[in-house]
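The sequence and structure come first.

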Amino acid sequence: MSSLAAPGDAAPASRDSLSIAILAVAAFVIVTTEYLIVGLLPALARDLKISISAAGQLVTLFAFTVMLFGPALTAMLSHVERKRLFIAILLIFAVSNALAAIASDVWVLAIARFVPALVLPVFWGTASETAGQIVGPARAGRAVSQVYLGISAALLFGIPLGTLASDAVGWRGTFWVLAGLSLAMALALAVFMPTVALPRRLRLAEQARILKDPYFVGNVALSVVVFTAMFTAYTYLADTLERIAGVAPAHVGWWLMGFGAVGLIGNWLGGRFVDRGPLAATAAFSLLLGVGMAASVPLAGSFVLLGLALSVWGIAYTALFPICQVRVMKSASHAQALAGTLNVSAANAGTGFGAIIGGLVIPQWGLESIGYVATGIAAVAILLTAWISRLRPR
């Protein structure tokens, strides 16, 4: 394990900083692999000659795989030395993205999405802990925040960057880029990341006692509903911009980039208000989310007004990521690491449900109805916050 640098020991500190930076970039590549496909759906559906609804189920597949296997695999692999574990995960992502790039049909592409989804939550659940181990307790907080910056950047910009890359090099070329980046990060970690102390094997049964707490379970369920609302509309936002708002395909990525950039405000607001009242913050930003989603289609005729609606939507959307994570972890009486992993599973469950619901709504009621359905789900989340608050232990 890397030792904490002494005041005059600049070289080890510099090496540790480089390791954390590489770990943050690796986190960006890994989480981007999950979310960028949303921006690729229109081009992918056209090329593979499938409907946008069918293409959207690739989002569902990835999300449900993370949801179902994440906590168990994280616990099973918790004793593996982190450097070896991360290198193996990145190599899996490199091979899977390469397979996606050469996929001849949607079934091969589905396999290329299923395999990395198995190990993504393992990386997400252990990267911040490892960052703290590398630099030592005195600098652990800053190191953890740097790793999460990579994750946040992927959540905000992974989809628009993928959309822009798809326009420039095609959706297959985008997966080739991700394969190359994954391989490069594996090599960088092999060279620069120190070997950290072997973690002890976790006893999952003892930690899982939090699942007997109705208040905790209610908060996890609330995250599922919130993310369902978010991704019922967001999964098909690129298609909505093209078909409803009339945005040129070459410009969709820039609109999504703006959506993510405005979302940085939401990330700051979410972190600021969640400590004051996690449930109240969830309700408030769910309300803003619903307003933005519902207003996007009626205002699509004006790019200025559409931009305002998407700004409200983007701020609320991004704020709800940290709000849900903090809310679930605070609701746990113990085992907060497991609580955080379960919230990741809940978020991916909601992502998958949202893609399914949106995929069912489009052929039945049309793409223009997506925002209204998603707003209705956001309203359910607001009502749930009132019910869950009554379960809080006194």
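How many cavities of 30 Å³ or more does a search of the whole structure find?

## Cavities

In this predicted model, the search returns three cavities of 30 Å³ or more. The largest cavity holds about 60 Å³ of space. Rolling a probe the size of a water molecule over the atoms shows where empty space is left.

The lining of the largest cavity consists of Ala 233, Leu 237, Thr 240, Met 293, Ser 296, Val 297, Trp 313, Leu 367, Ile 370 and Gly 371. Three helices each contribute at least two residues to this lining: H9 (237-243), H11 (278-296) and H14 (370-389).

## Overall fold

The protein chain contains 14 helices and zero strands. Read from the N terminus, the order of elements is α-α-α-α-α-α-α-α-α-α-α-α-α-α.

Of its 394 residues, 57% count as buried. Among contacts in the protein chain with a separation of 6 or more, 84% are between residues 24 or more positions apart. The chain exposes about 15,900 Å², and 70% of that area is supplied by carbon and sulfur atoms.

## Helix H3

Helix H3 covers residues 52-76, a run of 25 residues.

Conventions
Residues numbered from 1 in each chain as written. Predicted model: local features only at pLDDT ≥ 70, side-chain atom pairs only at ≥ 80, totals over all residues. Heavy atoms only, no water. Helix = DSSP H or I, 4+ residues; strand = E, 2+ residues; numbered from the N terminus. Buried < 20%, exposed > 50% of the residue type's maximum accessible area, 1.4 Å probe, protein only. Contact = heavy atoms within 4.5 Å. Areas by Shrake-Rupley, 256 points an atom, 1.4 Å probe, with all protein chains shown as cover. Expected span 1.5 Å × (residues − 1). 1 Å grid on protein atoms, 1.4 Å probe; cavity = no way out; pocket = protein on both sides within 12 Å on 5 of 7 lines; lining within 4 Å. Points joined across faces, edges and corners; volume = space filled by probe spheres on them.
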